[in-house]
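Me: I have a model open and want to learn how to read its packing. Can you take me through it?

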Amino acid sequence: MEEVVLNTGDTAWMLISTGLVTLMIPGLALFYGGMVRVKSLLNMMMMSFGALALVFAIWIVVGFSLVFGDSVGDRGLIGNATQFLFLEGLDNSTALIGTIPAAVFIAFQGLFAAITVALISGSIADRAKFGAWMIFAGAWVTLVYFPVAHWVFAFDNFVAKSGGWIANDLGAIDFAGGTAVHINAGAAGLALALILGKRVGFGRVAMRPHSLPLVMLGAGLLWVGWFGFNAGSAVASNGTAGLALLNTIAATSAAILAWLLVEKIRDGHATSLGAASGVVAGLVAITPACAAVNASGAMAIGVIAGALCALSVGLKFKFGYDDSLDVVAVHLVGGIVGTVMIGFVGEEVGLFHGGGTDQLVSQIIGAAAVLAYSFVATLIIGKLIDLIFGFRITIDEEVEGIDIAVHAERAYEIFDNNQGSAFALSKGGQL
Amino acid sequence: MKLITAIIKPAKLDDVKDALQAAGITGMTVSEASGFGRQMGHTEVYRGTEYKVNLVHKVRLEVLVDEPNVESALALIVKAAHTGSIGDGKVWTTSVDQVVRVRTGERGSAAI
């Protein structure tokens with residue numbers, strides 16, 4: 001083996017990327033928090049922060065080994081849990097992974113696990129016991145995220161000799177987590193929404209976002225953080241990272257336009273919530289593809305994701321599942337669009353670039369495998385937690401508001417229940 | 001003595017206030033109100049889900065006026081609050097038996 005040396009440029013970029021990915025946690029917390037009613041804002045944000053804290057602890061103990069340890073029996077299904085137990089041999093200042101310190105790679109990848117779990121929380125807004133959510137977060141990341149991340153992110157001879165089946169045997173392209181992160185979280189969100197059931201008054205009473213500026217701020221922070229997520233997935237400071245960054249902007253911008261266009265045609269108004277949702281739909285869809293397509297391909301992915309996700313948000317009312325903040329419509333649908341579109345517009349491998357249908361088939365198999373495993377495993381985990389601990393707060397608590405009932409806090413000391421008015425402007429006196 | 005109550009568009013509050021002040025009517029109580037009339041609210045859309053919002057924000061303005069000034073005050077309010085579009089609001093008067101100024105104990109017209 002050639003001697004591996006530390007590259008300072010790569011290391012600098014990965015340090016920055018890790019910081020950027022950390023920014024996605026408050027970004028997601030604000031994006032989700034703004035969309036719920038004011039009585040659930042804190043719980044919504046706490047589900048993200050709680051997931052980050054717990055998942056990272058498990059990541060250090062056993063998670064990194066399960067994802068990046070040598071594949072057990074060379075089957076590509078799960079890493080060796082004891083290989084890097086408590087990060088043995090890696091949590092020092094000299095160990096390297098690739099051309100960067102092992103410590104940086106471990107931190108970067110651990111945040112992916114945390115964000116994936118946090119994404120799921122959007123489907124169960126307003127009604128989940130915080131303790132049950134935390135137990136779910138720990139169980140789900142261990143039993144679902146770690147195996148799937150091993151399938152997708154563990155390349156042979158990178159951290160360990162043998163890696164996961166999707167990355168190495170199937171050869172599906174998933175640069176930064178269209179399958180492992182977004183399809184995974186989306187399918188889990190659907191399963192969990194089914195386990196918990198609908199919120200009191202779902203489809204009957206108005207459940208309007210309490211603060212769209214928070215939603216837009218959150219979407220903006222996610223976008224910035226996503227540069228670390230996507231371009232950082234190059235694990236290098238190079239042209240691949242640059243291309244991923246360009247495509248991340250191109251697809252997201254295109255998705256905003258598509259989402260707004262669908263809204264204008266369907267509802268008569270282009271909304272700020274639509275723009276913020278378009279941001280996330282575009283980011284999700286370009287995640288697997290950001291290093292595999294050119295800028296035109298990225299825009300195509302963005303347009304299709306923006307339009308399809310916008311059209312999918314109505315499905316929950318049609319089929320009667322309360323995926324409160326549209327984890328399915330945005331992450332599952334967006335993740336599938338991005339993953340499958342690589343089979344069409346991927347440079348060299350895509351159908352439209354003369355690559356035939358091989359890659360397309362691999363992409364579909366990879367997406368379907370993650371979707372099916374995540375959905376079924378989440379149903380089982382969620383149901384068990386519901387049977388043993390009870391997953392939902394009481395109806396009274398839910399009506400009063402989960403922030404008070406579960407956290408004994410309210411988000412704002414003073415809140416205008418009329419949600420602001422022109423009168424408020426006049427009240428302050430004339431300019 | 002009459003109490004004039006006006007339900008008007010929030011955006012017209014300053015116009016009405018200025019018009020009344022210019023006419024020498026210097027006291028009023030203003031509060032935030034919501035309700036509906038023939039206008040019947042509006043529709044909001046969030047991720048494609050339509051919500052009918054039946055209650056519309058208004059401003060409720062209350063002015064105590066001595067008998068001779070009632071008609072002119074009414075006219076001023078209506079003129080200042082008028083936009084011609086639906087939802088301009090309503091103004092009505094009610095008779096007031098007694099008014100007392102808390103600071104001085106003055107009663108009736110002197111207290112207005």
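Reply: We start with a helix pair, then turn to a sheet. Keep in mind that this is a predicted model.

Me: How are two packed helices described?

Reply: Two packed helices are described by the angle between their axes and the distance between the axes. Here, take helix 2 (residues 41–68) and helix 4 (residues 130–153) of chain A. Their axes lie 9 Å apart, at an angle of about 45°. Helix 2 of chain A and helix 4 of chain A are therefore oblique to each other.

Me: What is the handedness of the crossing of helix 2 and helix 4 of chain A?

Reply: That crossing is right-handed.

Me: Which residues of helix 2 and helix 4 of chain A meet?

Reply: From helix 2 of chain A, the contact includes A:Met46, A:Gly50, A:Leu54 and A:Ile58. From helix 4 of chain A, it includes A:Trp133, A:Ala137, A:Val141 and A:Phe153. By class, this contact has 16 nonpolar residues, six polar and no charged ones.

Me: Now the sheet in chain B. What is the order of its strands?

Reply: Four strands run in the order 2-5-1-6, forming an open sheet with antiparallel pairing. Strand 2 (29–35) and strand 6 (89–95) of chain B are the edges, each pairing on one side only. From one strand to the next, the twist averages 20°.

Me: How many bridges join strand 1 and strand 6 of chain B?

Reply: Seven, in the antiparallel sense. Within strand 6 of chain B, B:Trp92 stands opposite B:Thr5.

Me: Which strands does helix 2 of chain B lie across?

Reply: Helix 2 (residues 70–81) of chain B lies across strand 1, strand 5 (56–65) and strand 6. It runs at about 5° to strand 1 of chain B.

Key: Residues numbered from 1 in each chain as written. Chains lettered and ligands numbered in written order. Predicted model: local features only at pLDDT ≥ 70, side-chain atom pairs only at ≥ 80, totals over all residues. Axes fitted to C-alpha atoms, helices over the stretch in contact; angles between N-to-C directions. Helix = DSSP H or I, 4+ residues; strand = E, 2+ residues; numbered from the N terminus. Parallel < 35°, antiparallel > 145°, perpendicular 65-115°, else oblique. Left-handed = near helix turned anticlockwise from the far one by under 90°. Contact = placed C-beta atoms within 7 Å. Nonpolar A, V, L, I, M, F, W, Y, C, P; charged D, E, K, R; others polar. Pairing = 2+ DSSP bridges.
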